[in-house]
Amino acid sequence: MIPRILSVTADTEEPFVVRLCNAANDDSEKDAILIGKGENSALYSCHLGLFEIAGLESEELDGDVVLVKPSVGRAERLIRAKSDHNSLLVTERCDQLCVMCSQPPKKTHADRFSALTEASLLAPRDCVIGITGGEPTLYKDQLLRMLERVISVRPDLSFQVLSNGQHFDQADVLRLRNPIYRRVQWGIPLYASTANLHDEIVGKVGAFNRLQ
């Protein structure tokens, strides 16, 4: 299993997003530069001070974008530079309950859009980033603002969004015609050719007709 959550100790209690670099390669203030390493650990310097990540060698972390949460002693690998398959979880809430779902929805939501926007802006060039949940479009405006912000700054990036498609309406049509959305693919599953069966699978009456 690929380690996604690692242990961290830091000089600050403030959560932050940085890109881990074994050597300085540009002037981004969001880069954390490797200044020391031990067995299965790496010491970095960034704009907020020093922090140490334990659990992987620095060579495996080079180029990764992480969300560091010093108060709970953890660093979350949001984007792995050496992977072609990176997905960002924007929420664990969902308005469907699919029979095959391996991640039952939660009632609570932690707003991570600011951190996910920062992480996307630090992604490797030409990266394809997945967006998933829960149901991302429960927070449609925040999601669209994130996509627009990132792609306007990083037009080399593209996104694939997994959604149940239930929350778009006619008012969104003009917005989604913006050329920025040529860099976004929407994956909206239809599980059956009849309304009754699809609705039964997703646990929501009217879901099939909403997609027509």
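These notebook entries record what I looked up in the structure.

**Entry 1. Basis**

I worked on a predicted model, in which local features need pLDDT of at least 70 and side-chain atom pairs count only at pLDDT 80 or more, while totals for chains, interfaces and linings use all residues. Residues are numbered from 1 along each chain as its sequence is written, and side-chain values use heavy atoms, with hydrogens and water left out.

**Entry 2. Overall description**

I noted six helices and 11 strands in the protein. Helices (H or I, at least four residues) and strands (E, at least two) are DSSP runs, numbered from the N terminus. The C-alpha trace spans about 60 × 35 × 25 Å along its principal axes. Of the 212 residues, 42% count as buried; buried means under 20% relative accessible area, exposed over 50%, and partly exposed in between, with a 1.4 Å probe and protein chains only. I also looked up contacts (heavy atoms within 4.5 Å). Among those between residues at least 6 apart in sequence, 63% join residues at least 24 apart.

**Entry 3. The barrel**

I traced seven strands that close into a barrel in the order β1-β5-β4-β3-β2-β6-β7, with mixed pairing. The twist averages 40° from one strand to the next. Two strands pair if DSSP finds at least two bridges between them.

I then checked individual pairings. Strand β1 (residues 5-10) runs antiparallel to β7 (residues 74-79), and three bridges join them; here L6 stands opposite A75. On β5 (residues 49-54), which is also antiparallel to β1, I found four bridges, with A54 as the bridge partner of S7. Strands β2 (residues 16-21) and β6 (residues 65-69) are antiparallel and joined by four bridges. In that pairing, R19 has V65 as its bridge partner.

Helix α2 (residues 113-121) lies across β2, β6 and β7, at about 55° to β7. For such angles, axes are lines fitted to C-alpha atoms, for helices over the stretch in contact, and the angles run from 0 to 180 degrees between N-to-C directions.

**Entry 4. Nonpolar cores**

I took a nonpolar core as a set of buried Ala, Val, Leu, Ile, Met, Phe, Trp, Tyr and Cys residues joined through side-chain atoms within 4.5 Å. The largest has 29 residues, and those with the most contacts inside it are I79, I129, I131, L147 and F159. Two or more residues each come from β6, β7, α2, β9 (128-132), α3 (140-153) and β10 (158-162). The largest share, six residues, comes from α3. A second, separate core of 17 residues includes V8, F16, V18 and L56.

Leaving out residues up to four places away in sequence, I79 touches residues including V65, L88, A119 and I129. F159 is found in strand β10 and is buried at 1% relative accessible area. With the same exclusion of residues up to four places away, the contacts of F159 include I129, I131, L147 and V184. F159 and I79 are 80 residues apart in sequence and 13 Å apart in space, C-alpha to C-alpha.

**Entry 5. Aromatic pairs**

Rings of Phe, Tyr and Trp (its six-membered ring) pair if their centres lie within 6.5 Å; planes under 30 degrees apart count as stacked, over 60 as edge-to-face and the rest as tilted. I recorded three aromatic pairs by this rule.

Y44 and F51 are stacked, because their ring centres are 5.5 Å apart and their planes are at 20°. Y44 is buried at 0% relative accessible area, and F51 is buried at 1%. F16, Y44 and F51 form one aromatic cluster.

F168 and W186 are edge-to-face, because their ring centres are 5.1 Å apart and their planes are at 85°. This pair links distant parts of the chain: F168 is in the loop between β10 and α4 (173-176), and W186 is in strand β11 (residues 184-187), 18 residues apart. F168 is buried at 17% relative accessible area, whereas W186 counts as partly exposed at 27%.

**Entry 6. R154**

I located R154 in the loop between α3 and β10. Its relative accessible area is 14%, so R154 is buried. The side chain of R154 reaches the backbone oxygen of A123 at 3.0 Å. Not counting residues up to four places away in sequence, R154 touches S120, L121, L122, A123, P124, R125 and D126.

How values were computed: A polar contact is a pair of N or O atoms within 3.5 Å; within protein, one must be able to donate a hydrogen and the other to accept it, and residues adjacent in sequence count only if both atoms are side-chain atoms.
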